[in-house]
2 protein chains.
Amino acid sequence: MDIVQELLAGSRLALARAITAVENEYDEAAEIMQKVYPFTGKAQVIGITGPPGAGKSTLTDKLAKEYRRQEKTVGIVAVDPTSPFYGGAILGDRIRMNELTLDPGVFIRSMGTRGSLGGLARKTVDVIKIMDAFGKDIIFIETVGVGQSEVDVIKASDTIVVVLVPGQGDDIQAIKAGILEIGDIFAINKADYDGVERLNTELEMMLELNPNNALWRPLVKRTVASRGDGVEDLMQAINEHVEYLVTSGELIRRRSIRTKNELLLLINDHISKQVMDRISLGGELDSLVNSIEDHQQTPYNIVRNILAEILR
Amino acid sequence: MDIVQELLAGSRLALARAITAVENEYDEAAEIMQKVYPFTGKAQVIGITGPPGAGKSTLTDKLAKEYRRQEKTVGIVAVDPTSPFYGGAILGDRIRMNELTLDPGVFIRSMGTRGSLGGLARKTVDVIKIMDAFGKDIIFIETVGVGQSEVDVIKASDTIVVVLVPGQGDDIQAIKAGILEIGDIFAINKADYDGVERLNTELEMMLELNPNNALWRPLVKRTVASRGDGVEDLMQAINEHVEYLVTSGELIRRRSIRTKNELLLLINDHISKQVMDRISLGGELDSLVNSIEDHQQTPYNIVRNILAEILR
C-alpha cells in the first residue's frame, strides 16, 4: 500500500507523513495531492481568526472537545505566518493542547513559513485537503490572520469565527471594516474582562450598519474559553451558520470561490518555484546581482529578459 | 520634462505621482523604476519593526524630527500587511503625524495590500528606491513585521530597530530567536511602564547567548517616544551601527543581499502577474474551476498543463 492508500485506510502515521511531505515539498507531494484530491470535499471547515492573545487556541480546543462529544472527528491546522513576534506565542499555546493530542480522534498540525516565499497559504490548503480525505468531519484553521494570503486561506472556510477580546485599548480601531466583512460569527472571548459591554455594543452597531448582512446577520457570542463558558452556545451558532449555508445555496458558492483561490495559489506557487529553480540552479543569480552592482544592468532589464526567455 | 526628471529635480508632486504609479501598477511604473534606478543607493535605510501597540509610529516620528534637526531629509514608508486587525491601527497612528507632514523635508507614505497577492514587498522596495533617487538622506521602513515577505523587506534595511514594550504579559514568548536575529538595536519603548527591568534583563541575557553577535553586539536602548525621552540616544546608537557597517565592510554585504532579494521579488512578482493575466484574460479560469467541480480534472493536473503550456 502506498502512503495515500494507507491514510485513506485510517493510518494516522500515513496522515502525518503525507502532511510532512507537503510541508517540506518532498518530490512525492504532488502525487500525494493528486491521489488524495478525489476524496476531498466532505469536511466542514471552520476558520478561527483574531488578534494575538485573543485566546484562539484555547477556544479552538474547547470547540474541538465539544465536537468530539458529538462523535465527530477533528483536524486542527494552526497557521503561523512566521512572525518573529507572534510565531512563538502561537506555538506556545499549542503546547497546552496535551489533553487533546492524546485523543486519537483529533489531529493537530502547526504550520509556519521559514524561508519559503508565500508558499504557506498553498501548503495550508493542501494540509486541509489531506485531513479532509483522511475523513476528518470538522477541520479548524486557526490563524492570526495577517498577510494577504493568510487572509485568503481563512476566507476559504465554510464558517469564519472572529475572536475578539474586550479592553485591548483600541477596540474601535480593531473593529475595522476588514473583520466585519470576514466574520460570520464573532466570539467575544474573555468575556469576564472589563469592557465587554462596550465591545459588544460597538460590534453590534457596526454590524447593523453593514449592508452585506442582508442574508446572514453575523452572530455575536460571548465566551470565556479558559473555563469553557459559552462554547456550546458558540458551536450552536456555527451549526446555525452551516444550516444557512446549505439552505441558501451559499455553501456551493463559497466552495466554488475556494476552488478558484486554491487553483490560483497552486499555479502561482508552482510557477514561482520553477522559475526560481531555473535561475538558482544555473548559478545565474549571483552573476545577475553582480551585473546590477556594476551598473551594467538594472533589475528591470533583467526581469524583462528572464520573462522573454522563460515564458512562451 | 517627464515625471522622473521632475522628481530628480526635486518635485514633491512628481515624487507622489511616481509612488502612486508603482503602488497601483500603472503601465508607466516599469519605465519609472528603470529610469530611477541609476540614482539609487545613497539613502540610509532604517527598519523599524515590532508588535502592534509598541509605539513604532511615534518613535519613527521622533527619530525623523531628530534627523531633521541635523538637516537631513527623511522618507517614511509605513507598511501595513493588510491585516484586518492591525491595518486600522497603523493607519490610525499615521494620522497623528500632522506636524511632520507639514515639513517639506519629510515625505510619508503608507502602503497596504488589498487584493494583490504578495506584491506588497516588491512595491515597498520600489517606493524606497524612488524616495532614494529623489534624494532622501534617511528612509524609514516601518512595519509590524508579520508575513515572510514583509520580514524580507525589513531585513533589507541597513539598520533594524526592534521596538518592544514591557508588560505585554508574555515577554519571554515575544523575545524569540527570530527577533534576536533580526535586530541590530532594540528599543524598549514605554520605558516608564512596569516590567522594564525584567524585559531589559531577559533581552540582555538572550543577546549574550546568541553566537551571531561576534562582530556587532546589538544595543539595547530605553525610550519613552511619546515624550521624546531616549530618542537622541537611540539615534546615536543607529549612527554607531552605521559606522560599524561601513568600517567592517558589512554594508556592502548587506546591500548585495538586498539587491538579490529585490531581484527575486521582482522576478517572482512579474512572472505571477503575467501568468495570472493570461489565465484570467482568456476567461479560462472559470471553465477550469468548473472542470474541477465536475471532477473532470484536479487542480494538480491543471497546474501541470499550464506550466507545460506557458514555460519554455
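This is a predicted model: local features need pLDDT of at least 70, side-chain atom pairs count only at pLDDT 80 or more; totals for chains, interfaces and linings use all residues.
Me: How many helices and strands does chain A have?
Reply: Chain A has 15 helices and seven strands. Helices (H or I, at least four residues) and strands (E, at least two) are DSSP runs, numbered from the N terminus.

Me: And how much of chain A is buried?
Reply: Of its 312 residues, 49% count as buried. A residue is buried if 20 or more other C-beta atoms lie within 10 Å of its own, exposed if 12 or fewer, and partly exposed in between, with C-beta atoms placed from the backbone.

Me: What share of the contacts in chain A is between residues 24 or more positions apart?
Reply: Such pairs account for 74% of the contacts in chain A with a separation of 6 or more. Two residues are in contact if their C-beta atoms, placed from the backbone, lie within 7 Å.

Me: Which residues touch the most other members of the largest nonpolar core?
Reply: They are A:Val77, A:Ile130, A:Ile141, B:Val77 and B:Ile130, in a core of 152 residues. A nonpolar core is a set of buried Ala, Val, Leu, Ile, Met, Phe, Trp, Tyr and Cys residues joined through C-beta atoms within 7 Å.

Me: What does B:Ile130 touch?
Reply: Leaving aside neighbours within four places in sequence, B:Ile130 is in contact with B:Leu15, B:Ala18, B:Ile19, B:Val22 and B:Val36.

Me: Let us take B:Ala18, then. Where is it?
Reply: B:Ala18 is in helix α2 (residues 12-23) of chain B. B:Ala18 counts as buried because it has 29 C-beta neighbours inside 10 Å. Not counting residues up to four places away in sequence, B:Ala18 touches B:Ile3, B:Leu7, B:Ile32 and B:Ile130.

Me: How do α2(B) and α7(B) cross?
Reply: The axes of α2(B) and helix α7 (residues 120-134) of chain B come within 9 Å and cross at roughly 165 degrees. Axes are lines fitted to C-alpha atoms, for helices over the stretch in contact, and angles run from 0 to 180 degrees between N-to-C directions. The two helices are therefore roughly antiparallel to each other; angles under 35 degrees count as roughly parallel, over 145 as roughly antiparallel, 65 to 115 as roughly perpendicular and the rest as oblique. On the α2(B) side the contact is made by B:Leu15, B:Ala18, B:Ile19, B:Val22 and B:Glu23, and on the α7(B) side by B:Lys123, B:Asp126, B:Val127, B:Ile130 and B:Phe134. These residues divide into seven nonpolar, no polar and three charged. Ala, Val, Leu, Ile, Met, Phe, Trp, Tyr, Cys and Pro count as nonpolar, Asp, Glu, Lys and Arg as charged, and the others, Gly among them, as polar.

Me: And α2(A) with α7(A), at what angle do they pack?
Reply: The angle is about 160 degrees, with the axes of α2(A) and helix α7 (residues 120-134) of chain A 9 Å apart. That makes α2(A) roughly antiparallel to α7(A).

Me: At what angle do α2(A) and α3(A) cross?
Reply: The axes of helix α2 (residues 12-23) and helix α3 (residues 29-36) of chain A come within 8 Å and cross at roughly 125 degrees. That makes α2(A) oblique to α3(A). In this contact, A:Ala18, A:Ala21 and A:Val22 in α2(A) meet A:Ala29, A:Ile32 and A:Met33 in α3(A). The residues divide into six nonpolar, no polar and no charged.

Me: Changing topic: where is B:Glu71, and what is its phi?
Reply: B:Glu71 is in the loop between α4 (56-69) and β2 (74-80) of chain B. Its phi is near 70 degrees, a positive value in a residue other than glycine. Most residues other than glycine have a negative phi. B:Glu71 counts as exposed, with 8 C-beta neighbours inside 10 Å.

Me: Is A:Thr223 buried or exposed?
Reply: A:Thr223 is buried, with 26 other C-beta atoms within 10 Å. A:Thr223 is found in the loop between β7 (219-222) and α12 (231-248) of chain A. Its contacts, leaving aside neighbours within four places in sequence, include A:Leu59, A:Ala187 and A:Asn189.

Methods. Residues are numbered from 1 along each chain as its sequence is written. Chains are lettered from A and ligands numbered from 1 in the order in which they are written.
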